[in-house]
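Subject: Handing over the model

Hi there,

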Amino acid sequence: MIAETGHYALILALGVAIVQMVLPILGTRLNDPRLAAVSIPAAQAQFLLICIAFGALTAAYVTSDFSVLNVWQNSHSAKPMLYKISGVWGNHEGSMVLWVLILALFGAAVATFGSNLPRQLQANVLAVQGSIAVAFLLFIVIASNPFLRVNPAPFDGQGLNPVLQDPALAFHPPFLYAGYVGFSMAFSFAVAALIDGRIDAAWARWVRPWTLAAWMCLTLGIAMGSWWAYYELGWGGFWFWDPVENASFMPWLAGTALLHSALVMEKRDALKVWTVLLAIITFSLSLMGTFLVRSGVLTSVHAFAVDPERGVFILGIMAVFIGGSFALFAWRAPLLSQGGLFAPISREGSLVLNNLLLTVACAAVFVGTLYPLALESITGEKISVGAPFFNMTFVPLVVPLLIAVPFGPLLAWKRGDLLAAAQRLTAAAVICLVTIIAVLAVNRSGPWLAPLGIGLGLWLICGAATELATRSKLFDVSWSETWRRLRNLPRASYGTALAHAGVGVMVIGLVSTTAWRIERIEALAPGGKVDIAGYELVFQGVEERQGPNYRELAGQFAVTRGGAPVTTLTPSKRAFAVEKSATTEAGIHNSWRGDLYVVLGDPLKDGAYSVRVYFNPMVRLIWIGALIMFFGGGVSLSDRRLRVGAPKRAKARRVAVAAVSK
Amino acid sequence: MTRKQRRGVLIGTCLVVLGVAVGLVLYAMRDSIVFFYSPSDIAKMEIAPGQRIRLGGLVETGSVKRDLGTTVHFAVTDGAKTMPVTYTGVLPDLFREGQGVVTEGALTPDGMFEADSVLAKHDENYMPPEVAAKLKEQGLWQEGEPAGASGGVITQ
């Protein structure tokens, strides 16, 4: 009964979405505000209905209702509750329901909180949002129905892929989708502006918070995914340039560019056409990600079930939305008023450079991800494009961007003074140089570029601090005056500084792990020892243990440092009987210096085991950096909400801000 | 600066960045791409020792032998030809004889394959699509077997 209710709610939601797609457009064409206003309750109703469907599916999972095919295929009664719930989106059909749920959530938010939007814009945005919902709801109802029954109901389920039974991965997809799908907002606004043939600075002010919220979620989602891969897949890496990882990374790069270009549009009324194009590109990349993961064209860590029919369906959706929006862009973009050109050395100029480098870096990732697919379909040759390609293309494009980041916020709008900005950054540059030399002096091992990389990370952090110091006139005025200025700085400034510093923290983590990682592979009999990075590990043997839905073979490693006991690590190999699968659980000891990471390998002769031990210096900073970026976004968002809520007050406020920053 | 100059600077910067990017991509394409071969391909194709390639097929039954340390010897077969492989390290959880496998590494001058990574998927019935396609060509594997049909995970 519950499953049928969910199915019914999905079909109703499809009907409502069709209404939401058609009536507002009709209303704005016929100049009938009542018809256009239907979009608001329609978006809200659609959200409620999809909530019901999602709730129904969750209920089926929680109660282990194996008469539902989807639950039977992906769950098991012995699974812990958390993974029963996360099992809802641990499979293709359920994750599609989550996808449309988030889509509808964003639509409902625009309907409910968008009362300050111009009526026509709001109606058009909701209509576009509705059309995306129609496409994907149709897809679910026709080709991926999660509510199909099996009769007779099987006794117990087949279980969820064990590597997905993990806390970080339970929350990874919701955040990732909130990011992916959140970019649909920017897309809908862009298409609505094209339909209107009108766009102004206010448009950017409305688009930016939605884009920022989506960007925050995507940042966190990607970081969680990489953290999971790090500790769960058991080979100590955090990013593999796997096609599906790239599929989430490309929208992130384009979305980051979009955030920055929308800033230029909001403040300077320029780069309009580009911003609209970027909004379309960002969501197109999100759609492409959805396609790549679900069509089975890729061999990947994250790919869902292979089903060509579904792939073709999503390809069709992609063709309609990407093709349609680009055609609309080509047709209507010339109508949009052009902004003025500006001086190359200015805040706008620096943001254009940011956009240029980010989009080109994104294009490099795009080529590396799709080239193997294209080559295989044309010539039949199979190749793999791995980390070396991306290190050679992506990294050289991003490094100049990172070097330029601290300059951007120090340049004034319209006409900046590069020399003055450089002078302000002198202190930061000196700190970085000293650090680079110190690192070189202390640590001669590893690639010679590594100390420069550490310097680059520090440069970003010091640059962010310099911006705050400059704005608060540190050392130029009294301490109390600086304190007062710091308190009065708009939150968006703190957000920017935090996000940029977060990138710096991440760079330090990436560089030190990549450059100075130590790896040992040993055959250890009980009593055997490994020395690594100042730690001494003693293998004490293995024991069998029983978990809730698995059996595991756990190795015991006593870890000491300079004779003092540190911890006992128990890496294990788990065997999941139901899923007929196995996983490797690494034993990890965290510290600020770095992670000690132990993996238990295969049994060898005479009770020995092959054991892999890593020391990953400062690897934590990668995820801490991502968290800082997330919080930076949040701080910035909390500022903007005020301005979006009250556009009039915003004007006064902005004048005040301008006065402060002069 | 005049309007014209500003536009010039903008277009110039774009061209420079694009040019650099295209150059980097082309350069990386030449040097860092890894081709996928089956043992039969390798027998046919004269691949230079040291060139990075991926080798895929089935782990030949009875071929897995361990040294005293962590080095493993096994053979990858596609039915027609067999390629001996050595690998030092920890094998993935679902590395089994008779199962599909993809290894990456290079040929040694004496015609062995030295792998530095071994991929097997976290699924009993898994067969990497590349391997399945090659095996289909050899007629060793038919459509309809569950290979590769369910979502799984690759580890290295």
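Some housekeeping before the rest. Residues are numbered from 1 along each chain as its sequence is written, while chains are lettered from A and ligands numbered from 1 in the order in which they are written. Please keep in mind that this is a predicted model, in which local features need pLDDT of at least 70, side-chain atom pairs count only at pLDDT 80 or more, and totals for chains, interfaces and linings use all residues. Helices (H or I, at least four residues) and strands (E, at least two) are DSSP runs, numbered from the N terminus.

**The strands**

Back to that pair: strand 4 (residues 535-546) of chain A runs antiparallel to strand 5 (residues 551-561) of chain A, with 11 bridges between them. Strands count as paired if DSSP finds at least two bridges between them. Strand 4 and strand 5 of chain A form a hairpin, with four residues between them.

Strand 5 of chain A also pairs with strand 6 (residues 564-569) of chain A, in the antiparallel sense and over five bridges. There, A:Arg561 is opposite A:Ala564 of strand 6 of chain A. The hairpin of strand 5 and strand 6 of chain A has two residues between the strands, and A:Gly562 takes a positive phi near 60° in it. Strand 5 of chain A is joined to strand 7 (residues 572-576) of chain A as well, by four bridges and again antiparallel. A:Glu552 has A:Arg574 of strand 7 of chain A as its bridge partner.

There is also an open sheet of four strands in chain A, in the order 2-11-10-9 and with antiparallel pairing. Strand 2 (518-524) and strand 9 (587-589) of chain A are at its edges with a single partner strand each, so one side of each has no neighbour in the sheet. On average, neighbouring strands of this sheet are turned by 15° against each other, direction ignored. Strand 2 of chain A pairs with strand 11 (residues 609-617) of chain A over seven bridges, in the antiparallel sense, and A:Glu519 stands opposite A:Tyr614 of strand 11 of chain A.

**The helices**

Helix 10 (residues 243-268) and helix 11 (residues 272-295) of chain A pack at about 165°, with axes 9 Å apart. Axes here are lines fitted to C-alpha atoms, for helices over the stretch in contact, and angles run from 0 to 180 degrees between N-to-C directions. The angle makes helix 10 of chain A roughly antiparallel to helix 11 of chain A. As for the wording, angles under 35 degrees count as roughly parallel, over 145 as roughly antiparallel, 65 to 115 as roughly perpendicular and the rest as oblique.

What happens where helix 8 (residues 167-196) of chain A meets helix 11 of chain A? Their axes come within 8 Å and cross at roughly 140°, which makes helix 8 of chain A oblique to helix 11 of chain A. Among the contact residues are A:Phe183 and A:Phe187 of helix 8 of chain A, and A:Ile280 and A:Phe283 of helix 11 of chain A; contact means C-beta atoms, placed from the backbone, within 7 Å. By class, this contact of helix 8 with helix 11 of chain A has 12 nonpolar, four polar and no charged residues. Ala, Val, Leu, Ile, Met, Phe, Trp, Tyr, Cys and Pro count as nonpolar, Asp, Glu, Lys and Arg as charged, and the others, Gly among them, as polar.

The axes of helix 16 (residues 426-442) and helix 17 (residues 449-471) of chain A come within 8 Å and cross at roughly 155°. Helix 16 and helix 17 of chain A are therefore roughly antiparallel to each other.

**Two backbone spots**

Most residues other than glycine have a negative phi, and most peptide bonds are trans. A:Trp241, however, has a positive phi near 50°, and lies in the loop between helix 9 (201-232) and helix 10 of chain A. A cis peptide bond, with omega about 0°, joins A:Asn151 and A:Pro152. A:Pro152 is in the loop between helix 7 (119-143) and helix 8 of chain A.

Best wishes

How values were computed:
Two residues are in contact if their C-beta atoms, placed from the backbone, lie within 7 Å.
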